[in-house]
Each structure stands twice: as structure tokens, then as C-alpha cells.
Amino acid sequence: VESSQPSSCRPNAVLLGWLGMASVVLALISRYAHASPHSGASMSSTMKAREANAPKPWELPFTEPLVIAHRGASTDMPELAPEAYKLAIEQGADSIECDVLLTKDLHGICRHNPELDLSTNVRDMFGDRLTTKIIDGHNITGVFASDLTLAEVKQLRLVQPLPFRDQQYNGKFQVATMEEFLQIALDAPRTVAVHLEVKHPRYHNSLPQVKAAKTSIEKIVLDAMKQRGFTGPINSPQWLQRPSYLLCFDGSWLKKVAKMGSCIPRLLLLKGNINEISPDGRSIPDLMSKPSLDDLAKYVDIIGPGKGLLVRPVAAPNGTAEKARTPVYQSTQLAEMLYSRGFQVHVYTFREEDVYRFPGLSVNQEVDLLYKKLGVEGVISDSIAPLASYLEHQNKHQWNMGLASAPARRPCP
């Protein structure tokens, strides 16, 4: 989902940033409190209140949160590598996640950034393709996947972009195609879901080669998934055997996919910073307003917020973060508001390194906070083995336990 580069802020700046972000979320929730029956609920009562009152358009047959391998086992290996996906499955992931980009000859590949410089040796191989493009309003310089054919991409080798992670696999793995990613899930010894995030659909659909072929990134992605049996509707026997999700930060793109008749559950990712604007020009307060949520409920099944949007540290009277040995965090009420409208919540991103965690909490404590207290249904994580072990999760979860009792949210062809 979001950038894996750590914040350069000092811990107190991070805390103050969360406090500021959470205050905006709390103000938003207060404004629309009449629309959420849980807006005043404490964290400890959230799940009980949800069970008693919140609508459940659909459910999944599990009692623990989905462990979603963010770009594979990306703590241990270069992100989005085929080997990283296979390792994540071995470590107990329920789902593997791929960020999809298009090549010059319209093949889907698993890469996070449209420019390939940070996570491959592309500058060494194709430095003459260096250019600057405008993507979602930002000037980006690099060597882009959309300027390379698949054959050229396959010449690249992956590197670990974070210097404090294991560098021993640099130069050993190739870029995975979207089809290879899907096949890895199908070849797993148990049922493994796929979370497939489409990156920058507006940019991709504006490419000359896409227009010349009279196609779109949504058609390319949906065709590849359909060919391998990743369809829907949610909780159907076919879906439970080959569960899948479509993710995007662009809500208007998800709406377009819904109009195409796709039954694959759709997940709207929220920017990690409250001040960031989504690709379709909306802020998080705009997206989470009552009119917007009423509209999103027509074509979105799951909301994917950054974990900092869901909880905030309790402030001491002097306005600084509480300096207890184990800091106290409380809900911003965003999760409760989403549950009250029937959305599920898959939260990102759990990482082992100190720079990424809530100050004072371990990854396990973060999971306790967001799952046991708030009841999120999915946790998107770079680190799979310790998380799966902590949840006593490995090889325990079964997708084909039978249909859930609740129907799908909407009719699906």
C-alpha cells in the first residue's frame, strides 16, 4: 500500500502528528455522530456493540483477523518477489498482496512504484530510459515500467530498498508478473487469498499504448483474474475456494469496476496522512462524510485505513503524549463509524522496526489494540512469521468452512 520509507521524525514529532491527525478524525466523527450508533462507545465495548447493532452485509468464516502479506514476506526478502510470496505462505499468511503496474506491452507486473529505481537495478540496465512523468499530480523522475517491455523487465533483478533490512538476496530474484502472482496463490498447499492493488489507474489508462489497444488496466486485471478463477460473488463456493480482493486508493476507479459487473470484493484504501488528497481529489474528511459513505456503500465493501487513523495516544493534561511504560491509546471512532455502515476494515501496515510502530507498543500489542479492541478483520503486514505465530494462525484458517450466514451486499451476475 503506502510507501515503505520510514519517517524521519523524532518520536515526539510522530506522536504529535498522530494527535493532530486523530483530532481531525475525531472532529469528523463528532460532526456525523448522529449517523453512527457506536460513536460514543468505548474501545472495550466496540465489538459487543457491533455484534448487537451493526449491519452485517457479509461475513467471512474466520475468528481471527486475516494475515495479509504486504508485498509478500517483505521484511525478510525484497518486496513483491515471487520468493517473498512463497515464503509468506510458508509462514502462515492468509492472503498475499500485489501492487499492479503495466509494462509497455501491457503486461501486469508486481511493483509498488511506477518508476522501478528504488527496488530494482533498472538504472544499471536501462539508464537511458530515465525520464520525468506527472502521475496523480506529482512530478516523478525515474525509469518507468510503462517504458519497458515485459522481456526487458524480466532482465531486472530485485533489491531490498530499505538499508536496515536483510540485503543478502539483492540481485537474485526477478520481477513477478501478475499471472505468476496469482498462480503462486493457486499452487499453495492450502487456500490462500489474493489482495490485488491497482496502482495509478488514471495514469495507466492515459498511456498511448493502452488507448491504442482500446483497453484499460481494469480490463487487463479482471481478465487475468477471471482466467484463473478469481471471481465472486463474496462467500459463494467459487469465491471461498479462490478468495480475492481488488484494492485502490482511487474510489472512482472502484466505482468504474463495479459498473463493469465485477463481483470481486472492493477495498478502498485511505491515505495514511489526514491531509493527503486521494487520486479522485477527495480528502479523508470528505470521503468519510455521511453523504460520501452512503455513496461508497453502493460499490465498496471494505475500507483500508492506515493504523494511525484508527487510534490515537491519550494526551496528558499538558498536551504531550502520555509517558507511561505502556502508552494508552483510544479509538478515533472511525472504525466504529465504518462498522455501523456495514464496511469491513483491513488496516495497514504492521512492521517490526521501531520507526514504524506506535511508540511504546510491540507489533503484537498493536494487533491486540486494533483487533481485540477494535475488531478489524484484516491486518496488512510486512512481517508474517511472528504475527502468524502470535495469533496461533498457521495452517489453522480454512476458507471452505461453508457459506457465511449473511448474504452478499448486492446482487451480482
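Mentor: In the largest nonpolar core, which has 99 residues, Ile96, Leu196, Met288 and Leu310 are the ones that touch the most other members. Helix 9 (residues 217-227) supplies the largest share of this core, 6 residues. There is also a second, separate core of 15 residues, and Ile68, Tyr245, Leu267 and Tyr348 are included in it. Keep in mind that this is a predicted model.

Take Leu196 next. Leaving aside residues up to four places away in sequence, Leu196 touches Cys98, Val100, Met178, Phe181, Leu182, Val221, Met225, Tyr245, Leu246 and Leu247. Tyr245 in that list is one of the residues of the second core.

Ile96 in strand 2 is the bridge partner of Ala69. Strand 1 (residues 66-69) and strand 2 (residues 95-102) run parallel and are joined by 2 bridges. Strand 1 is also joined to strand 13 (residues 378-381), by 4 bridges, and these two run parallel as well. In that pairing, Val67 stands opposite Val379 of strand 13.

Now look at the side chains of strand 1. In a regular strand, side chains alternate between the two faces of the sheet. Leu66 and Ile68 point one way from strand 1, while Val67 and Ala69 point the other way, and all of them are buried. Ile68 is among the residues of the second core.

Helix 11 (residues 251-259) can be read in a similar manner. Its residues Gly251, Trp253, Leu254 and Val257 are buried. These residues lie on the same side of helix 11 because they cover an arc of only 155 degrees around the axis. The buried residues of helix 11 pack against strand 6 (193-198), helix 7 (201-205), helix 9, strand 7 (244-248) and strand 8 (266-269). After helix 11 comes Gly261, which has a positive phi, near 90 degrees.

Arg357 sits in the loop between strand 12 (344-350) and helix 15 (363-373). Arg357 counts as buried because its relative accessibility is 18%, and the cut-off for buried is under 20%. Its side chain makes a polar contact with the side chain of Asp354, at 2.8 Å. A polar atom of the Arg357 side chain also lies 2.8 Å from the backbone oxygen of Leu361.

Conventions
Residues numbered from 1 in each chain as written. Predicted model: local features only at pLDDT ≥ 70, side-chain atom pairs only at ≥ 80, totals over all residues. Heavy atoms only, no water. Buried < 20%, exposed > 50% of the residue type's maximum accessible area, 1.4 Å probe, protein only. Polar contact = N/O pair within 3.5 Å; in protein donor to acceptor, adjacent residues only side chain to side chain. Pairing = 2+ DSSP bridges. Core = buried A, V, L, I, M, F, W, Y, C linked by side-chain atoms within 4.5 Å. Contact = heavy atoms within 4.5 Å. Arc of directions from axis to C-beta.
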